[in-house]
Amino acid sequence: MRRLNFHHLHYFWAVAKEGNLTRAAQSLHVAQSALSTQIRALEEQLGHPLFIRSGRNLLLTEAGRLVLDYAESIFALGSELQMTLQGALQANRHLRIGAVATLSRNFQENLLRPFLGRAELRITLESGSLGELLERLALHKLDVVLTNQAVSSDAQRPWRCRLLDRQTVCLVGPPRTTGQSFELRRDLPQARLIVPGRSSDIRSQFELFCDSHDLQPNICAEVDDMAMLRLLARDSGDLALLPAVVVQDELQAGLLQLYAEIPEVAEQFFAVTLQRHFNLNILDELLAQRPG
């Protein structure tokens, strides 16, 4: 077999990611006819069709999916090589972090606090969905992804998923005016609750706890975003279900009060990285931290 033409492979990779020849040609700044010719040349060299047409879109064949897996690995390694050759010193001065949009801002700040104010360090913090952030991590556009969901490794993506912290989930609300303490099984059914949305692992654990103890919670609001959940907990007068770290400032200031911890319900915080060929010292230092 002739030596693989990586220029053709890059064009294939771009078309596979876009799923459309016209959009890929525009992003690559080449003529659509020239791009189509490059793809056909790669198919002839490999001896397999890589796309099938579906309306205006292009779908990968079985061979195309296999080639895409290899292309992802090849271009990810190329990005890592480029970053490394630009200088390890420069790389260690820039820490690129992705955090899922539902992750507590307070947790992120606690984790990053020892690094804030360092004159030699620049931090980039991006927010997005887990899938989007992992895609950027695979291309070495991020150094680490922070998430509250464990990520499993596979043959194409050798993720390293590290547990950073585990925090008990609580009920918090306005300061109580009476001296009587909140008794979870007695008082929970009468309380108005603001809870995370159904996609949240906290919500699933809470429902399992309620089912196992024959409790019927009175849910008045469901909120996916932790920042909004924090605001509603502070301002609504209702009880909110969340990790205490989310409202740590309000608890310390006396604006909110801890009513009860929910047994067996906790949120876990993970750091996802790639298996790297070169160490990034500042990243190792970050992952050695325990959020305060």
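This is a predicted model: local features need pLDDT of at least 70, side-chain atom pairs count only at pLDDT 80 or more; totals for chains, interfaces and linings use all residues.
Residues are numbered from 1 along each chain as its sequence is written, and side-chain values use heavy atoms, with hydrogens and water left out.

Let's begin at the N-terminal helices. Helices (H or I, at least four residues) and strands (E, at least two) are DSSP runs, numbered from the N terminus. Helix α1 (residues 6–18) packs against helix α3 (residues 32–46) at an angle of about 115°, and their axes are 9 Å apart. Those axes are lines fitted to C-alpha atoms, for helices over the stretch in contact, and angles run from 0 to 180 degrees between N-to-C directions. The two helices α1 and α3 are therefore roughly perpendicular (65 to 115 degrees; under 35 counts as roughly parallel, over 145 as roughly antiparallel, and the rest as oblique). The crossing of α1 over α3 is left-handed, meaning that the near helix is turned anticlockwise from the far one by less than a right angle, with clockwise for right-handed.

Who touches whom here? On the α1 side you'll find His7, His8, Leu9, Tyr11, Phe12 and Val15, which meet Leu35, Gln38, Ile39, Ala41 and Leu42 of α3; contact means heavy atoms within 4.5 Å. By class, the residues in this contact of α1 with α3 are eight nonpolar, three polar and no charged. For the classes, Ala, Val, Leu, Ile, Met, Phe, Trp, Tyr, Cys and Pro count as nonpolar, Asp, Glu, Lys and Arg as charged, and the others, Gly among them, as polar.

Helix α3 has another partner in α2 (residues 21–28), with a packing angle of about 105° and axes 9 Å apart. That makes α2 roughly perpendicular to α3. Here Leu21, Thr22, Ala24, Ala25 and Leu28 of α2 meet Gln32, Leu35 and Ser36 of α3, and the contact has five nonpolar, three polar and no charged residues. Notice that Leu35 turns up in the contact with α1 and in the one with α2.

Now for some residues further along. His140 sits in the loop between α7 (130–138) and β5 (144–147), yet His140 is buried, at 8% relative accessible area (buried is under 20%, exposed over 50%, partly exposed in between, with a 1.4 Å probe and protein chains only). Leaving aside neighbours within four places in sequence, His140 is in contact with Ala76, Ser79, Glu80, Arg96, Leu274 and Arg276.

Val195, in strand β7 (residues 192–196), is buried at 0% relative accessibility. Beyond four places in sequence, its contacts are Arg203, Phe206, Ile219, Ala221, Glu222, Val223, Leu229 and Leu241.

What about the cysteines? The structure holds zero disulfides, a disulfide being a pair of cysteine sulfur atoms within 2.5 Å. For Cys170, the nearest cysteine sulfur is that of Cys210, 15 Å away, and Cys170 is buried at 2%. Cys210 has the sulfur of Cys220 as its nearest, 14 Å away, and Cys210 is also buried, at 2%.

Last, the backbone. Most residues other than glycine have a negative phi. Asp214, however, has a positive phi near 55°; it lies in the loop between α9 (201–212) and β8 (218–223) and is exposed at 64%. Glu264 has a positive phi near 70°, lies in strand β10 (residues 257–274) and is exposed at 67%.
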